[in-house]
Amino acid sequence: MLKRGSVGLKICLLGFLISRPANSEEALSWDQMQAELSERKISLYPVQSFKNLNDSRAWIEAQLADFERRIDPLLQEESDFRFIIRLAHLADEINSLVDQLEIQSIISNDPLQAQLYSKESQYASDWSTENLYRREDLYLRLKEISKKTARFSEEDQLMISTLFQRFEDEQYRSMKDAKAASQSFVVARLLAHLGTLEDEFNRSLSDFDTSLWFSGEELQGLRPEFIESLKYEAGRYEIRAASWHQIKQLMLYADRAHTRRRAQLALLSLGAEVAPFLAKPILQLRAEIVRLDGTRSWAFNQLDGLSIDTEAKLERFLLNSLEANKEAFERERSLALQEKKVQLRKSSAVIYSHDWNYYLERYALRLLEDDPAEIEGHFPIEFVIEKTFEQIEKTFGIRFQEIHDAPVWDPQVRAYLATSVERSEPIGLYYLDLQPRSRKSTDFFHSSLRQRSEDADGHLKLPTGILFGNFEKEIPLRFLRILFHEIGHALHDFSSRLKYQSLSGTNSKEDFLEAFPIFMESWALDWQFLQRISRHPETGRPLSDDQAKRLVSYLQTGQAHELQASVVDALVDFEIHRTANRDKSYEELNEIALDLYRSHFYPLNPQTQPIATSSHFVGYSSLYWVYVMGHEIAELITEVGGTYGESPLSPRLGRTIVGRLLSRGRLLTVDQIRNDFAADLRSQCRNGIEGLSSPKRLKEN
Ligand SMILES: [Zn+2]
């Protein structure tokens, strides 16, 4: 049992002082802000607004020409240290260009344009391979430096080894080194082929997207706004099997079991005709690569450097997670069963895989008692965002100020400058694109455009993040948790203190990546916080205590099922990629997946191919377990906080998370959190909030 740290009154007072949104209502002006930032050697990386494709083409060429001009002078650099830093930043900037074009593909909301921008992105990426990573002279110098890195900092060393790895891979891939490293060369070539086949596999899933047509009656139970947003033809509404969001809505709300069954079957049969043909060569290539490479399995390649680094440990971890979740899962399962019996007025019933979402949701909605729409009416998206930003400022010391005239791709998009309150320093650019538009994706997600970097001359480039969503007016209750989760990814990027993009923020180790966002989800389970972010549209009053508490129960329902699904999905990924299954066929692997769902979740239709969907076969490559790890770490952080009397919203816990975890990017390991986080929080409690505890600063406030 840990001892509680001392709690100083001064800190509480400071907490109050900094919590006042003193400047947050003053909107910034883009030009003035840019000028001030550039005086401080800080620059932003905004999302570009192109007039047309010619416009973007010219911009891309200008960028590439600039990069090209900077490559040769690198070799003139006498200092190894400066050489390496300049090279790393150049590589990072090219990556940003690639990501910029990916973002353009998302914001275009037009399938054809999206495809063109994806091609441009690929073009920029190929350009960097050809003109940077395959440069032998750069590679050789990097190789020399990488032999004597002891004098460099931990961060520089990690950057050098990451960069060197990339150069070395590309050297092997280029023909001229083929003889010198034939084995690695063959592996690299096979990997390239594999990549092409895997892309093809994913493309086949979206190419073979099935349209399901439902009558209004068949969609009974779904929200009217949702139905209105669907394509309507000849008396039927279109649901696309590849749209995760649409299928999820049907699974949650469609009253008719037949509708839910059809939707699930379509999702789990996506690309079933094509996938098996592509699967065979993919599996053969993977087995061949692993054999040549000498590593034991596909899964093993991915675990290198993570907290779980062997297959045996991973399997044990996942089985333990199943065990730990068992009771909660069974409890929810019986709630769903009970609900189904009541609804059908039967004394016995069975819960099927297409049932659990629906009946748990029915049960949960009854917890709300009032009309759920009445409760949801309390969460207009703009108000929720404003109040959430206020809480983020209190907890993490990160303030968001709107930039009223920032150039944006749609007039409804809003842009914010994030600032560290303690350091009075800008730390990021954040866009919210939350309004529906014609042909816009219905998904709700975060995208990082770039991460923080700082060059040898102290020139700072801030991270940029974008939150995409699709909300008419209120945020649906089931999206509240996701909202905090997605904002969590942005805060991770904004909290970085590292010099290299490739190591900063969300470029963290994969097993930590989802931990902080999952921790942020717990904000949705704090009833007083829910009150603060809620407002009745007419009376302006927040949810009552009782309503807010019932909303928490509603939001908690289904969590054990979600976690169970994550663990089973992680097991599926693991089985596909583990050594023991190296010679198994696609069909055999699918049988294993069906078995896992049968034993640990709900049996699926035996005709389905669950391994083809959810990016199991191609995509997560056995890394799906990072979600399960995210839950464990999030729980650990909450628990440690609780030991010191700190809630997930408390400034001391928040500052410790920012300073000790989020700021460290890829330097942070999950084991360090396990070993040091409690002590870190204890010292934070003793010393107060960094930078604000001195009397001088207190007066300024
Ligand atoms: Zn996430």
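The legends below describe close-up views of a predicted model.

**View 1. Helix 3 and the helices around its buried residues.**
Helix 3 comprises residues 53–76, a run of 24 residues. From its first C-alpha to its last it reaches 37 Å, which is close to the 34 Å expected at 1.5 Å a residue. The buried residues of this helix are Ser 56, Trp 59, Ile 60, Leu 64, Phe 67, Ile 71 and Leu 74. They pack against helix 4 (80–107), helix 5 (111–133) and helix 6 (136–146).

Helix 27 is formed by the 18 residues 670–687. At 1.5 Å a residue these should span 26 Å, and the end C-alpha atoms are 24 Å apart, so the two values agree. Buried in helix 27 are Val 670, Ile 673, Phe 677, Ala 678, Asp 680, Leu 681, Gln 684 and Cys 685. The cover over these buried residues includes helix 19 (510–513), helix 25 (625–643) and helix 26 (651–661).

**View 2. The second largest pocket and its lining.**
The second largest pocket holds about 860 Å³ of space. Its lining consists of 31 residues, and those nearest the centre are Asn 325, Gln 559, Leu 563, His 631 and Glu 635. Two or more lining residues come from each of helix 14 (311–344), helix 20 (515–521), helix 22 (545–556), helix 23 (559–577) and helix 25. Helix 14 makes the greatest contribution to this lining, with nine residues. Sorted by class, the lining of the pocket has 13 nonpolar, 10 polar and eight charged residues.

**View 3. The second largest cavity.**
The model has two cavities of 30 Å³ or more, and the second largest cavity contains about 30 Å³ of space. The residues that line this cavity are Arg 423, Glu 425, Pro 426, Ile 427, Arg 452, Leu 460, Leu 462, Pro 463, Phe 494, Ser 496 and Arg 497. Strand 7 (residues 425–433) supplies the largest share of the lining, three residues. By class, six of the lining residues are nonpolar, one is polar and four are charged.

**View 4. Ala 415 in strand 6.**
Ala 415 belongs to strand 6, which covers residues 414–420. The relative accessible area of Ala 415 is 2%, and a residue under 20% counts as buried, so Ala 415 is buried. Leaving aside residues up to four places away in sequence, Ala 415 touches Gln 401, Glu 402, Ile 403, Ala 406, Tyr 430 and Tyr 431. Leu 285 stands 130 residues from Ala 415 along the chain, and the C-alpha atoms of the two are separated by 45 Å.

**View 5. Ala 490 in helix 18.**
Ala 490 lies in helix 18, residues 480–494. With a relative accessible area of 1%, Ala 490 is buried. When residues up to four places away in sequence are not counted, Ala 490 touches Tyr 430 and His 446. Tyr 430 is also one of the residues that Ala 415 touches. Ala 490 and Val 342 are 148 residues apart in sequence, and their C-alpha atoms are 43 Å apart in space.

How values were computed. Residues numbered from 1 in each chain as written. Predicted model: local features only at pLDDT ≥ 70, side-chain atom pairs only at ≥ 80, totals over all residues. Heavy atoms only, no water. Helix = DSSP H or I, 4+ residues; strand = E, 2+ residues; numbered from the N terminus. Expected span 1.5 Å × (residues − 1). Buried < 20%, exposed > 50% of the residue type's maximum accessible area, 1.4 Å probe, protein only. Contact = heavy atoms within 4.5 Å. 1 Å grid on protein atoms, 1.4 Å probe; cavity = no way out; pocket = protein on both sides within 12 Å on 5 of 7 lines; lining within 4 Å. Points joined across faces, edges and corners; volume = space filled by probe spheres on them. Nonpolar A, V, L, I, M, F, W, Y, C, P; charged D, E, K, R; others polar.
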